[in-house]
Amino acid sequence: MSNIAVPRRSLMLGGAVVALMPAMSFAASPDLGKPAPLFTAVDSNGKTWSLADLKGKVVVIETTNHDCPYVRKHYSAKNMQTQQREAAAKGVVWLTSASSATGQEGYVTAQQANELTRSRDAAPAAVLLDPQSKIARAYGATVTPHMYIIDKTGTLVYKGGIDSIPSADIADIAKAKQYVRVGLDEVLAGKPVSDSSTRPYGCSLKYPRTSS
Amino acid sequence: MKRLLALLLVLLAAGPAFGQTVVQTDNVRAELLADVAAVKPGEPFWVGLRQTIRPKWHTYWKNPGESGLPTEIKWTLPEGVKADPIVWPTPHLYDIGGVINYGFQNEAMLLVRITPPANLAGSAFKLAAEANWLVCEDVCIPEDGKFELSLPIAAAATPAARATRAIFDKARQSVPTESPWPARYGVAKSGDPTLIVEAKGLKPEMIRDVYFFPAEWGPIASMAGQTASVGADGIRIPLKRGDAKTALPERLAGTLVLTEKTADGEIRQAFDVSAKLDPAFLPSSSLAAAEGNEQLSLVEALLFALLGGLILNLMPCVFPVLAMKAAGFVALAGHERSAMRRDGLAYTAGVLVSFAAMAAVVVAIRASVGEVSWGFQFQSPVFSLLIAYLFFVVGLNLSGMFEIGGRFAGVGQGLTARGGATGAFFTGVLAVIVATPCTVPFMAAALGFALSQPAPQTIAVLLALGLGLALPYLVLTTTPALQRLMPRPGPWMDRLRQFLAFPMYASAVWMIWVLTQQTGADGVIYALGGMILIAFAIWLLRIGSGASLAMWLRRGLAAAAVLLAFGAALKLEDSPATAASASGPAAGVNFDGWERYSRERLNQAVAAGKPVFVDFTAAWCITCLVNERVALETPAVRHGFEQAGVVKLKGDWTNRDPEITSLLKDLGRAGVPLYLFWAPGAERPKILPQVLTESLILTELSSIQQAKR
């Protein structure tokens, strides 16, 4: 009895627990099996994309920052571009989201984004401009590249890394299990994704600096 | 001579011809070091990759957090040589624009134990390593380096140069210690786990910045902050489930970091924890509630306090008092409304005044001492005893052993028995007095909030709690509609009253149990004996009336009995609670291999010219515990103490032993840990640092050995 604990946070009053909205870090990721967070964004060609309009299609979201060594790893090895083309061939909508905040590493204008697509020979359905990191925040993205798959019903079915070997070494790509490729095949075959939540790896996503 | 030769060999071996040991990249200077200058076949030694990192940049821990990658080392070793996994220093948390990283700034030394085979042949031992690391500020750069280290092979291992050994010493100090406490974790309905590290008997006010770094990505999310609490069951940390889809593991591994305030500063401690999944433990408050509570605004706190006060009415020790009051109220039925209202208001006033008084005490103590934990009064065995008596007497009254009314003046009860507003007021006071001990664990959270707030808020929350307690009766007395619902007076009232005595007795028993925690088994004798005396006194007073000589005699006897009962309290006071640490379950100080400190023993040993080491410690002092584990109780130090013939004394300050307190004061210390070392024949002790290392103690011991020669 001496030295009674003063747990500041465990709530008193047995049943009177009120679920107050927690002040979580914004990087809380959405749940698998639940509707994927909706968003509307403009792409590098000025076209507006809304996730709600893409119902009936399988969608991939890829967060990117072209200066991040891990993004570069997958682009210089052509791994990302290859998977973008494979996806497009299967009718999958691949959205690359440039989610670095204005002024941060990886932030691109529409022209820069198009130039990057050209120079890297990339083939996403669109490069979304997300200079306020809104899409990244909605999906709880922590790194670039952070990958998501949304099925035809708009349900989030995969979140995590592009593959299974977290490294900056291009040689590891061939040895790694390509989670997104495998996951897409499973989704398109109407099967549940076997590795549906994997460890994302890469550079930290460049969110807007807080006012500090 | 042999040593010199070895040194020469090392100097030769360290030449650049054998490959580089230092790699300088844009952001990191990395160096491969060994803690030996020569390798002995079959004898393990340590190497370290020391990263000196560009200011503000960081490299990563084994679990990098939400982004980043840990440093990797790939070894190329001679046949039969084994390299263990990296032993990591204690990580820090970096919030990179909302993305949580675990890693190191400025400097990190990654230790690896190398075991050469017993049949190691040749003259030089070559280690080659390829390391790669990610170093980030806002942007991240993967870097790498190739290292080679060549060490001579000798019949005896030679320690490295002093400066290098110092680097290794420092590195070992920043490696987490094996947790001295068991740990377990449970999973709430929401799926979020809560970790309990069973470090019992810690002082919450001495610990801050508690954080559990999960050892791997997956089971636990990397959180920006954790809302740990330090309580009776140990350190409790609500966590957030991670993104791995697999079930939570049988054992949850990670590093627990906390900062302990000691008298002379703050010390960051780290422990490797492996928590077992405890299926029986279902954390009730989910993380959401816990985090929400963190944001508890004053308005919410007041509402909770009000609600808490209402619920207090149902507690086993409060309910009887209240029911008694209600029963009395039924008897009053038919009285004037205004009289009833006055009764209710007076009762409410009694409750509120008592809470205000408590709030004032809390605020005053906090102003003078700095911090206060609720329940501080229960550290006093006298208080526990008096409360046990009070419960007992109220119980006797409910049982019908004596009647309220008349001119009987008992313990507080007398006042409550007075008719009218005064009686109601003191019933309110009584309700608060009996409520407090029953509800301390229950109200801890609300009170924790109250105590952490500025004075006006503290008082407001406590008053809200009081209002909640008083509200049912207040409403009853002021609402005629409710009064009509009350059953008619009748014999049931007596039966109910008698029944209610039992929860009161149970509460008394509980208070006695509390007392035994403070005093040991002796407390039971005093408490139960005192109760018999009190019952005897009441019985004496009940016999007859009037002013006859016999009556006065009985009164005298009764007074003597009551005095004796309270004498027990004094007896408890002068036997301080040291027994608690000896017999109580929270006993933590281990005297194995140590003598108990006393001034006489110390003076005697010092006078005899013996080397003396004194360890002042306390069960709740984490730094003391760590020092014991990493420095004082290692085989090498134990052996060293023995060799040097050191008299080892240990002083237990868990209960603030006054003799030790005075010694601490003499040395200008406010608390433990304190380590004193008297070299043989020394008059004054050397005060050792608060954070000990094995090498520090061994150095002290070897210096007296050398002095001997």
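Helix α1 of chain A, residues 69-76, has A:Y70, A:V71, A:K73, A:H74 and A:Y75 as buried residues. A residue counts as buried if 20 or more other C-beta atoms lie within 10 Å of its own, as exposed if 12 or fewer do, and as partly exposed in between, with C-beta atoms placed from the backbone. Helices (H or I, at least four residues) and strands (E, at least two) are DSSP runs, numbered from the N terminus. This is a predicted model, in which local features need pLDDT of at least 70 and side-chain atom pairs count only at pLDDT 80 or more, while totals for chains, interfaces and linings use all residues. Residues are numbered from 1 along each chain as its sequence is written, and chains are lettered from A and ligands numbered from 1 in the order in which they are written.

The buried residues of α1(A) pack against β3 (59-64), α2 (79-89), α3 (110-120), β6 (143-144) and β9 (203-204) of chain A. After α1(A) comes A:K78, with a positive phi near 65°. Chain A contains 6 helices and 9 strands, and 49% of its 212 residues count as buried. Two residues are in contact if their C-beta atoms, placed from the backbone, lie within 7 Å. Of the contacts in chain A between residues at least 6 apart in sequence, 77% join residues at least 24 apart.

Most residues other than glycine have a negative phi, and most peptide bonds are trans. Chain A holds several exceptions. A:D121, in the loop between α3 and β5 (126-129), is not a glycine but has a positive phi of about 60°. With 25 other C-beta atoms within 10 Å, A:S133 is buried. The peptide bond from A:T144 to A:P145 is cis, with omega near -5°, and A:P145 is found in the loop between β6 and β7 (147-150) of chain A.

A nonpolar core is a set of buried Ala, Val, Leu, Ile, Met, Phe, Trp, Tyr and Cys residues joined through C-beta atoms within 7 Å. The largest such core has 157 residues, of which A:V60, A:Y148, A:I149, B:V36 and B:L195 touch the most other members. Strand β11 of chain B (residues 124-136) gives the most to this core, with 8 residues. Apart from its neighbours within four places in sequence, A:I149 is in contact with A:V58, A:V60, A:V157, A:Y158, A:V180, A:G183, A:L184, A:V187 and A:V193. A second, separate core has 63 residues, including B:L385, B:A388, B:V432 and B:A508.

Chain B has 20 helices and 26 strands, and 42% of its 709 residues are buried. Two packed helices are described by the angle between their axes and the distance between the axes. Axes are lines fitted to C-alpha atoms, for helices over the stretch in contact, and angles run from 0 to 180 degrees between N-to-C directions. Helix α7 (residues 381-399) and helix α13 (residues 522-542) of chain B pack at an angle of about 35°, their axes 10 Å apart. By class, this contact of α7(B) with α13(B) has 13 nonpolar, 2 polar and no charged residues. Here Ala, Val, Leu, Ile, Met, Phe, Trp, Tyr, Cys and Pro count as nonpolar, Asp, Glu, Lys and Arg as charged, and the others, Gly among them, as polar. Among the residues of α7(B) that meet α13(B) is B:L396. B:L396 counts as buried because it has 22 C-beta neighbours inside 10 Å. Leaving aside neighbours within four places in sequence, B:L396 is in contact with B:M401, B:F402, B:A535 and B:I538.

Helix α4 of chain B (residues 298-312) has 15 residues and reaches 20 Å from its first C-alpha to its last, close to the 21 Å expected at 1.5 Å a residue; the expected span is 1.5 Å times one less than the number of residues. Its buried residues are B:A301, B:L302, B:F304, B:A305, B:G308, B:G309, B:I311 and B:L312. α4(B) packs with helix α10 (residues 455-478) of chain B at an angle of about 35°, with axes 6 Å apart. The contact of α4(B) with α10(B) has 16 nonpolar, 5 polar and no charged residues. In the loop between α4 and α5 (319-332) of chain B lies B:L314, which is exposed, with 10 other C-beta atoms within 10 Å.
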